[in-house]
Amino acid sequence: MKALYKDRRFQAVVAANVLSSIGSGITMLAIPLLLIASPNGNKLFGTIMLIMTVISFAATPYIGILIDQMSRKKLLLTVEFIGFTTVMLFVTVGFVTDYSTIHYVILYGTGNLYYTFFIQRFLR
């Protein structure tokens, strides 16, 4: 077990996982706060949460099949890349223009789907 902890690849995976979790946590906390602060944000956030819950519930069996059929490493890297690309796109949008409510909705939705993939990976 000590050899595993000293392995550079293991350390890289753990570090990447920790950083990803921190980023996901900040995103999934900050985006709802920004949505609630927008006009009619309480209603909008409640509706979005309901819709994303239904989507996640419906997608979970299919995500499970994907996890069983594909290499978990490839799937994780793909989902991480999609999440990174989405966030970087919206970072660029934020520097060029101001964010609108639809930007928050898209970020929350993609973050929620990312989280669904991430959790399913550990439950299988």
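Analyst: Among the contacts in the chain with a separation of 6 or more, 75% join residues 24 or more positions apart; a contact here means heavy atoms within 4.5 Å. What you are looking at is a predicted model, in which local features need pLDDT of at least 70, side-chain atom pairs count only at pLDDT 80 or more, and totals for chains, interfaces and linings use all residues. Residues are numbered from 1 along each chain as its sequence is written, and side-chain values use heavy atoms, with hydrogens and water left out.

The predictor's confidence in each residue is its pLDDT, on a scale from 0 to 100. The chain averages 84, and 97% of the residues score at least 70. Helix α1 (residues 2-6) has the lowest confidence, with a mean of 78, while α3 has the highest, at 89.

Along the principal axes, the C-alpha atoms fill a box of roughly 55 × 35 × 20 Å.

On to the interior itself. Of the 124 residues in the chain, 24% are buried. Buried means under 20% relative accessible area, exposed means over 50%, and partly exposed lies in between, using a 1.4 Å probe and protein chains only. In soluble globular proteins, nonpolar side chains tend to be buried together. A nonpolar core is a set of buried Ala, Val, Leu, Ile, Met, Phe, Trp, Tyr and Cys residues joined through side-chain atoms within 4.5 Å. The largest one here has nine residues: I31, L35, F45, I48, M52, F90, Y104, L107 and Y108. Helices α2 (8-37), α3 (41-69) and α5 (101-123) each supply at least two residues of this core.

The largest pocket holds about 550 Å³, and V79, G83, F84, V87 and Y114 are the closest to its centre among the 24 residues that line it. Helices α2, α4 (72-96) and α5 each give two or more residues to this lining, with α4 giving the most, ten residues. A pocket is found on a 1 Å grid over the protein atoms alone: it is an open set of points where a 1.4 Å probe fits, with protein on both sides within 12 Å along at least five of seven lines, and lining residues have an atom within 4 Å of a point. Grid points are joined across faces, edges and corners, and the volume is the space filled by probe spheres set on the points.

H103 sits in helix α5 and is buried, with a relative accessible area of 16%. Beyond its neighbours up to four places away in sequence, H103 touches F90, V93 and D98, and F90 is one of the residues of the largest core. T60, in helix α3, is partly exposed at 22% relative accessibility. Outside the four places on either side in sequence, T60 touches T116 and Q120. T60 and T116 are 56 residues apart in sequence, yet their C-alpha atoms are 7.3 Å apart in space.

Between α2 and α3, the loop holds both S38 and N40. S38 is buried, with a relative accessible area of 12%, and is in contact with L44 and T101, leaving aside neighbours within four places in sequence. N40, by contrast, counts as exposed at 65% relative accessibility. The phi of N40 is near 55°, a positive value in a residue other than glycine; most residues other than glycine have a negative phi.

Finally, there is one salt bridge, defined as a side-chain nitrogen of Lys or Arg within 4 Å of a carboxyl oxygen of Asp or Glu. R9 forms it with D7, and their closest N and O atoms are 3.2 Å apart. R9 is exposed at 63% relative accessibility, whereas D7 is partly exposed at 24%.

Methods: Helix = DSSP H or I, 4+ residues; strand = E, 2+ residues; numbered from the N terminus.
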